Amino acid sequence: MLTLLEDAERLQNGRSATTPDLFGLSDWKAFQEYSRDVTSHEWKSFVDTVDRFGVGAMRKAVEHTVTKESESDLVGGTVHKSKGRQWPRVRVHDDVVPAS
């Protein structure tokens, strides 16, 4: 995640990203447009979060993240990965598309 955030900052400053997944993107605007493409929707949440909170706030949050679930106050994950888990409360982000 920190590498992706560093690349987000590079792109925002008009420099090339180092992550292979972001190869060929010239700047942040290009990444924003790419993330809204129907074939690359997996990047939309990342780009929207960076736009909302900024790279600095996200970097700080990642650096203060604990890695053991038993030590955490909040567990984030995908709907797929949460399947079968027994948590007392679950919150689903509003960008989840209902199954048809």
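Me: Let's start with the largest pocket. What volume does it have?
Reply: About 2,400 Å³. Keep in mind that the model is predicted.

Me: How many residues line the largest pocket, and which lie nearest its centre?
Reply: The lining has 40 residues. Nearest the centre are Val75, Gly76, Gly77, Thr78 and His93.

Me: Which helices each supply at least two residues of that lining?
Reply: Helix H3 (44-53), helix H4 (55-63) and helix H5 (79-82).

Me: And which gives the most?
Reply: H3, with seven residues.

Me: How do the lining residues divide into nonpolar, polar and charged?
Reply: There are 18 nonpolar residues in the lining of the largest pocket. The polar ones number 11, and the charged ones 11.

Me: Switching to packing. At what angle do the axes of H3 and H4 cross?
Reply: Roughly 110°, and the axes come within 7 Å. That makes H3 roughly perpendicular to H4, because angles of 65 to 115 degrees count that way.

Me: Which residues meet there?
Reply: From H3, Phe46, Thr49, Val50 and Phe53. From H4, Val55, Ala57 and Met58. By class, that contact has six nonpolar residues, one polar and no charged.

Me: What about H1 and H4, how far apart are their axes?
Reply: The axes of H1 and H4 are 10 Å apart, and the packing angle is about 170°. An angle over 145 counts as roughly antiparallel, so that is how H1 and H4 run relative to each other.

Me: Which H1 residues meet H4?
Reply: Leu2, Leu5, Glu6, Ala8, Glu9 and Gln12. On the H4 side they meet Val55, Met58, Arg59, Val62 and Glu63.

Me: How many charged residues does the contact of H1 with H4 have?
Reply: Four charged, along with six nonpolar and one polar.

Me: Since charges came up, how many salt bridges does a search of the whole structure find?
Reply: Four. One of them joins the side chains of Arg10 and Asp7, at 2.7 Å from N to O.

Me: Where do Arg10 and Asp7 sit, and how many residues apart are they?
Reply: Both are in helix H1 (residues 2-12), three residues apart. That spacing means about one helical turn separates Arg10 from Asp7.

Me: Why can side chains like that pair at all?
Reply: Opposite charges can pair when the charged atoms come close.

Terms used: Residues numbered from 1 in each chain as written. Predicted model: local features only at pLDDT ≥ 70, side-chain atom pairs only at ≥ 80, totals over all residues. Heavy atoms only, no water. 1 Å grid on protein atoms, 1.4 Å probe; cavity = no way out; pocket = protein on both sides within 12 Å on 5 of 7 lines; lining within 4 Å. Points joined across faces, edges and corners; volume = space filled by probe spheres on them. Helix = DSSP H or I, 4+ residues; strand = E, 2+ residues; numbered from the N terminus. Nonpolar A, V, L, I, M, F, W, Y, C, P; charged D, E, K, R; others polar. Axes fitted to C-alpha atoms, helices over the stretch in contact; angles between N-to-C directions. Parallel < 35°, antiparallel > 145°, perpendicular 65-115°, else oblique. Contact = heavy atoms within 4.5 Å.
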